[in-house]
Amino acid sequence: MKRAFLAIAAVISCADITSAEGSPIKVVLTPKAASAACVIPDPDPASVKAKQGIAFINNSTVHLTLVLIEDGEDLPLVSVAPGDTSGAVRFNSEGIRQYYSLGCGSALSERHTLAVTV
């Protein structure tokens with residue numbers, strides 16, 4: 001599988017999110033019936049250990065950009081083409097984080113959860 005473009009916003013602490021190596025946890029993004037840009041992730045919430053990678057598999061028919069909500073700011077996390085797997089990212093610190101698909105919007109019903117543990 002080819003790797004999709006990975007975008008990490010410089011606004012987030014660069015020390016907190018970095019690219020990962022090795023076998024990441026994978027979250028499968030399946031489109032909702034009403035819109036290919038709105039997704040149902042599996043698992044949700046996803047649990048990943050700090051410094052372990054997490055990658056996203058796009059089972060929709062559209063390019064997806066996932067956006068991380070961090071300290072009240074919306075920051076690009078990864079982009080992934082239809083049928084592709086994103087490059088893996090890792091979080092260096094624990095915490096509960098939320099993300100959404102940019103094409104779907106950030107309404108509470110469209111937010112998904114990442115639980116980063118030590």
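Which residues does Phe56 touch, not counting residues up to four places away in sequence? I looked this up first. Phe56 touches Val27, Leu29, Leu66, Leu77, Val78, Val80, Asp84, Thr85, Ser86, Tyr99 and Leu114; contact here means heavy atoms within 4.5 Å.

A note on what I'm reading: this is a predicted model, where local features need pLDDT of at least 70, side-chain atom pairs count only at pLDDT 80 or more, and totals for chains, interfaces and linings use all residues. Residues are numbered from 1 along each chain as its sequence is written, and side-chain values use heavy atoms, leaving out hydrogens and water.

Next, the core. I found 18 residues in the largest nonpolar core, with Leu29, Ile54 and Phe56 having the most contacts inside it. Such a core is a set of buried Ala, Val, Leu, Ile, Met, Phe, Trp, Tyr and Cys residues joined through side-chain atoms within 4.5 Å. Buried means under 20% relative accessible area, exposed over 50%, with partly exposed in between (1.4 Å probe, protein chains only). Among the elements giving two or more residues to this core are β2 (25–32), β5 (53–58) and β10 (112–117); strands are DSSP runs of E, at least two residues, numbered from the N terminus.

Then I checked the backbone. Most residues other than glycine have a negative phi, and most peptide bonds are trans. A cis bond joins Asp42 and Pro43, with omega about 5°, and another joins Asp44 and Pro45, with omega about 10°. I placed Pro43 in the loop between β3 (35–42) and β4, and Pro45 in the loop between β3 and β4.

Last, Asp71: its phi is near 55°, a positive value. Asp71 sits in the loop between β6 and β7 and is exposed, at 76% relative accessible area.

Conventions:
Helices (H or I, at least four residues) and strands (E, at least two) are DSSP runs, numbered from the N terminus.
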